[in-house]
Amino acid sequence: MAQHGVPHQYSPEPVATLDLDVVNNRTAELIARNVWPREQLIQFQHEQLRKLLQHAVSTSSYYRDLIGNLVAKDAPLQEFPVTTKALLMANFDRIVTDKRLTRTLVEQHLSSAQVGAALLGEYFVLATGGTTGERGIFVYDRAGWELAVANVLRFQRLIGIFPTTRTIGIGAPSPLHISNRLFAQLQAGHAAAPRLAVTTPLAEVVAALNAYQPELLSTYPSFLRRLAEEQRAGRLKIAPRLLRSAAEALTPDVRELARAVWNAPVINIYGATEVGVLGQECEQIAGMHMAEDLFVMEVVDQTNRPVPAGVQGAKVLVTPLTNYVLPVIRYELSDLVTMADGSCQCGSPLACIADVQGRREETLRIPAAGGTCVEVHAVPLATPLLQIAGVRQYQFAQLDDGIRIRVMLAAGCDLAEISAAIEQAIRTFLAPLRADTARIEVEIVDQIERTGSAAKEKLVASVNEC
């Protein structure tokens, strides 16, 4: 039942949750690892990787044929083939280790009214289209999902969030997406916490938050902007001591906005529906601690060779160490990640992620001088827009000879004046790249829809979507 007057059709759908005592025990185990010496942590990671690989070849015909010889000779992970979403989906029935879990059965569950329930009473099923637009389905067994939740709770302790803290997460409306499932579990035991989604009408979100008064608010950075507008307008009246950004790339302007509006820091968290939460910042805000006891994450170039700390990779390859029902080995994510050189000042033994800029698919190719093209990621390209008063929301689209920028403005703005300012700001940004003569279209729109099961703001859309 929706609370605080939020209609059910706008609120997250009900989902199966875990036993809190079991999750708390798992959390305590993970917290204890936070103080291990780094050598012990890496040794544990290696042992868990070896167990996972042995399990994969003994229970999955796909992996037995593909990597059996590599596991037998204890080859380094870098010699193993990469798993893409397309490969995973094409070979799903041979990869999954419980043969009852056919792709057909999982797809039927995802399209049923019971999508939030545990499949076969024990499996937690998620799906993603992601930035790539390619659908993927992912299954966690109960033990793996317990650890996924416990990992978030472990990270919450790092920032002083305890079971008694009033927390709320505003994420996807559908249990297909990991933000929906995790937020539901994190709010279990908090009967007064309203269930909200980024698609819930804003007035109802404001009313629910005013009634609940959260101490920690977790949501998408694009939604934090909307809430900051409501706070400045005097309709939203909350005083969270911490904010947490998830699901979309966090930009410096959102941190600055949160500090100005609430005098509160924004803690960044990095994860993916496919693998769970990979890392989170502590209160030092000096990089996201990577859960190396639960994952192996390789930051690599286009040819899958490792890049050094401080250098942005072209993608990451992730091997979750706890998913024994759908093992994914060196799973490719197109995130543009930079690792920090060294650990956090807080003393944690975990390696740190310095930055996650976004997905590779958000890179635009813009014609430049001499018949060449330059590649510019949409996140830094948007920086000039954030300095223009009245710009509330934006989206880029690739054109053959330039870019289109769709913009939603605050009420009362001069459309012609702001359109000209946007074009000039983008041309000034592109000038050092010798791409300032490219075609730039500015389109003022009333609304930019959220898309997919995650209901994210899509930073780069196709021309047809525009």
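I'll take the cavities in turn, starting with the ground rules.

This is a predicted model, where local features need pLDDT of at least 70, side-chain atom pairs count only at pLDDT 80 or more, and totals for chains, interfaces and linings use all residues. Residues are numbered from 1 along each chain as its sequence is written, and side-chain values use heavy atoms, with hydrogens and water left out.

What counts as a cavity? On a 1 Å grid over the protein atoms alone, it is a set of points where a 1.4 Å probe fits but cannot get out; lining residues have an atom within 4 Å of a point. Points join across faces, edges and corners, and volume is the space filled by probe spheres set on them.

How many cavities reach 30 Å³ or more? Three.

Two elements give two or more residues each: helix H7 (142-158) and strand S8 (276-281). H7 gives the most, four. Helices (H or I, at least four residues) and strands (E, at least two) are DSSP runs, numbered from the N terminus.

By class, that lining is eight nonpolar, five polar and no charged. Nonpolar means Ala, Val, Leu, Ile, Met, Phe, Trp, Tyr, Cys and Pro; charged means Asp, Glu, Lys and Arg; the others, Gly among them, are polar.

Next, the second largest cavity: about 60 Å³. Its lining includes Gln156, Phe183 and Arg244. S3 (167-171), H8 (178-186) and S5 (216-219) each supply at least two lining residues. S3 has the largest share, three. The classes here: four nonpolar, five polar, one charged.

Conventions: On a 1 Å grid over the protein atoms alone, a cavity is a set of points where a 1.4 Å probe fits but cannot get out, and a pocket is an open set with protein on both sides within 12 Å along at least five of seven lines; lining residues have an atom within 4 Å of a point.
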